[in-house]
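Colleague: I would like to learn how to read a few features of a model before I use it. Could we go through them one at a time?

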Amino acid sequence: MSDIEQAPPGVDITVPSPARMYDYMLGGTANYKVDREAAEQLRKAMPDMVDTAWANRGFLQRSVRWLAERGIRQFIDIGAGLPTGNNTHDAAQAVAPDARVLYADYDPLVEIHAKTLLEGVSGTAVITADFRDPDGLLGDERTLATIDFTQPVALLLVTVTHFVSEEEDPWGLVREYMSRLTPGSYLALSAVTSDRQVEGRIDDIKGVLARSSSRGGYPRSRAEIERYFTGLEIVPPYEGAAAEVCYFGEWGAEDPDAADSDGSRWGYCAVARKPE
Ligand SMILES: C[S@@+](CC[C@H](N)C(=O)[O-])C[C@H]1O[C@@H](n2cnc3c(N)ncnc32)[C@H](O)[C@@H]1O
């Protein structure tokens, strides 16, 4: 790899970006030296970070398949990131080729990268938009061209709310998005937890993220993550499973014991339905 890095116009490679750091964790190539260095700092606080990222990707893929199998044909994936494979449309369209996916992320490289990834893939669109701006994101003409808001939608907020501070009220934002969706819609959400209080680690994680383009990171407790599902009905991933938030790897896992790794325990997730 050359020492001289070049980035597309509008992409700042002097500050690490969580989207590009995540891409690095997942073995992708859409990242720069500054991202790799920040990710390695993160690894010191979170030695299981690669396992955590894959456990979270597993939740995304299994939950999207689960939703498509229950008839959901529209997905809004906010904070979609850059991963090069097994994305939301891959999981959804494997079940339902007519499934439509609107990807949104505020990192400008995501839209650039996704244009190549999504070339020739029908039913998908990608926009550069901020989760904290529901009007802008849901009102974008590409959103309106992709999503029919008279029909149920699955809103995917997969490891994105922990970039939103208390003051910016991520719970209110989730409520706002769900209020715009018809009953029978779903929320699939995962978030990194602060429950793993190994001395100093949460502060170190926050420190790395404070120096990134997100300007902060907010791992939260189980109770705080449960609050995202207030007013919704959490669904069990399979018959006999509990209808409650669980660790990333456990959701819908064929072998929950094997999936219960240290990396998986860095975050909680659930899928919930908006009642009639
Ligand atoms: C850890 S990655 C998650 C990617 C993917 N959702 C997954 O879980 O595999 C977090 C993503 O959220 C994006 N993000 C963070 N805050 C955001 C915001 N306010 N609006 C839109 N995207 C945001 C980042 O740019 C990054 O791509």
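Colleague: With which residue does Asp35 form a salt bridge, and how far apart are the closest N and O atoms?

Modeller: Bear in mind that this is a predicted model. Asp35 pairs with Arg20, and the closest N and O atoms of this salt bridge are 2.7 Å apart. By the rule used here, the count comes to 17 salt bridges.

Colleague: How do the axes of α2 and α9 cross, and how close do they come?

Modeller: In general, a pair of packed helices is described by the angle between the two axes together with the distance between them. Here the axes of α2 (residues 33-45) and α9 (residues 201-210) come within 8 Å and cross at roughly 170°. Angles over 145 degrees count as roughly antiparallel, and α2 and α9 are therefore roughly antiparallel to each other.

Colleague: Which residues of α2 and α9 meet?

Modeller: From α2, Ala38, Gln41, Leu42 and Ala45 meet Arg201, Asp204, Ile205 and Val208 of α9. By class, the residues of this contact divide into five nonpolar, one polar and two charged.

Colleague: How much space lies in the largest pocket, and which residues lie nearest its centre?

Modeller: The largest pocket holds about 270 Å³ of space. Its lining consists of 14 residues, and those nearest the centre are Asp12, Val15, Pro108, Ser213 and Ser214. The lining as a whole divides into four nonpolar, five polar and five charged residues.

Notes. Residues are numbered from 1 along each chain as its sequence is written. This is a predicted model: local features need pLDDT of at least 70, side-chain atom pairs count only at pLDDT 80 or more; totals for chains, interfaces and linings use all residues. Side-chain values use heavy atoms; hydrogens and water are left out. Axes are lines fitted to C-alpha atoms, for helices over the stretch in contact, and angles run from 0 to 180 degrees between N-to-C directions. Helices (H or I, at least four residues) and strands (E, at least two) are DSSP runs, numbered from the N terminus. Angles under 35 degrees count as roughly parallel, over 145 as roughly antiparallel, 65 to 115 as roughly perpendicular and the rest as oblique. Contact means heavy atoms within 4.5 Å. Ala, Val, Leu, Ile, Met, Phe, Trp, Tyr, Cys and Pro count as nonpolar, Asp, Glu, Lys and Arg as charged, and the others, Gly among them, as polar. On a 1 Å grid over the protein atoms alone, a cavity is a set of points where a 1.4 Å probe fits but cannot get out, and a pocket is an open set with protein on both sides within 12 Å along at least five of seven lines; lining residues have an atom within 4 Å of a point. Grid points are joined across faces, edges and corners, and a volume is the space filled by probe spheres set on the points. A salt bridge is a side-chain nitrogen of Lys or Arg within 4 Å of a carboxyl oxygen of Asp or Glu.
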